[in-house]
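Let's take a walk through this protein chain together. Keep the picture open as you read, and look for each residue as it comes up.

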Amino acid sequence: VAAFDSRPWLPAITCPVLGLYAGRGKYGPDDCALLQVALALDMIAGPVRVEVVADAGHFLNLERPDEVNRILLCWLNENFTAR
């Protein structure tokens, strides 16, 4: 998995993308822009939002369900609500 290079096909993604990451690792809530670049998500053609959930591990939805649900609902409303 670590050797897989997704960069060639990232510019073809035009749909909204949400990157939701645990904050107990290398990146914290203030590092969203840095994380977006580190993962090459800035190469995606569509809108990208990166959120880091503070004090969470690998099981974000189990450890911080209210915060994860709030982020998901906000992102869904911003990107998929009929206008």
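F59 counts as exposed, because its relative accessibility is 54% and anything over 50% falls in that class. You'll find F59 in the loop between β2 and α2 (60-63). Now look for another phenylalanine, F4: the two sit 55 residues apart along the chain, and their C-alpha atoms are separated by 23 Å. Keep in mind that you're looking at a predicted model.

A40 is another residue other than glycine with a positive phi, near 65°. A40 has its place in the loop between α1 and β2. So are these residues buried or exposed? A40 is buried, because its relative accessible area is 10% and the limit for buried is under 20%. D55 counts as exposed, at 58% relative accessibility.

Here are the loop residues side by side:

| Residue | Relative accessibility | Class |
|---|---|---|
| F59 | 54% | exposed |
| D55 | 58% | exposed |
| A40 | 10% | buried |

Let's zoom out for the overall plan. The chain has 3 helices and 2 strands, and from the N terminus on they run β-α-β-α-α. The C-alpha atoms fill a box of roughly 40 × 35 × 20 Å along the principal axes. Take the contacts between residues at least 6 apart in sequence: 67% of them join residues at least 24 apart.

What about inside and outside? Of the chain's 83 residues, 34% count as buried. The accessible surface comes to about 5,700 Å², and carbon and sulfur atoms account for 59% of that.

Now for the inside. In soluble globular proteins, nonpolar side chains tend to be buried together. Which residues make up the largest nonpolar core here? There are 11 of them: L10, I13, V17, Y27, C32, L35, A40, L41, I44, V50 and V52. A second, separate core has 7 residues, including L18, V53, A56 and L60.

Leaving out residues up to four places away in sequence, V52 touches Y21, A22, G23, Y27, G28, P29, C32 and L35.

What joins the side chains of R49 and E51? It's a polar contact of 2.9 Å. The side chain of R49 also makes a polar contact with the side chain of E78, at 3.2 Å.

R49 is in contact with V17, L18, G19, I71, C74, W75 and E78. E51 touches L18, G19, L20, Y21, C32 and I71.

For the charges of the whole chain, count 7 positive and 10 negative side chains. The centres of the two sets lie 2 Å apart.

Definitions and conventions
Residues numbered from 1 in each chain as written. Predicted model: local features only at pLDDT ≥ 70, side-chain atom pairs only at ≥ 80, totals over all residues. Heavy atoms only, no water. Core = buried A, V, L, I, M, F, W, Y, C linked by side-chain atoms within 4.5 Å. Buried < 20%, exposed > 50% of the residue type's maximum accessible area, 1.4 Å probe, protein only. Contact = heavy atoms within 4.5 Å. Helix = DSSP H or I, 4+ residues; strand = E, 2+ residues; numbered from the N terminus. Areas by Shrake-Rupley, 256 points an atom, 1.4 Å probe, with all protein chains shown as cover. Lys, Arg positive; Asp, Glu negative; His and termini not counted. Charge placed at Lys NZ, Arg CZ, Asp CG, Glu CD. Polar contact = N/O pair within 3.5 Å; in protein donor to acceptor, adjacent residues only side chain to side chain.
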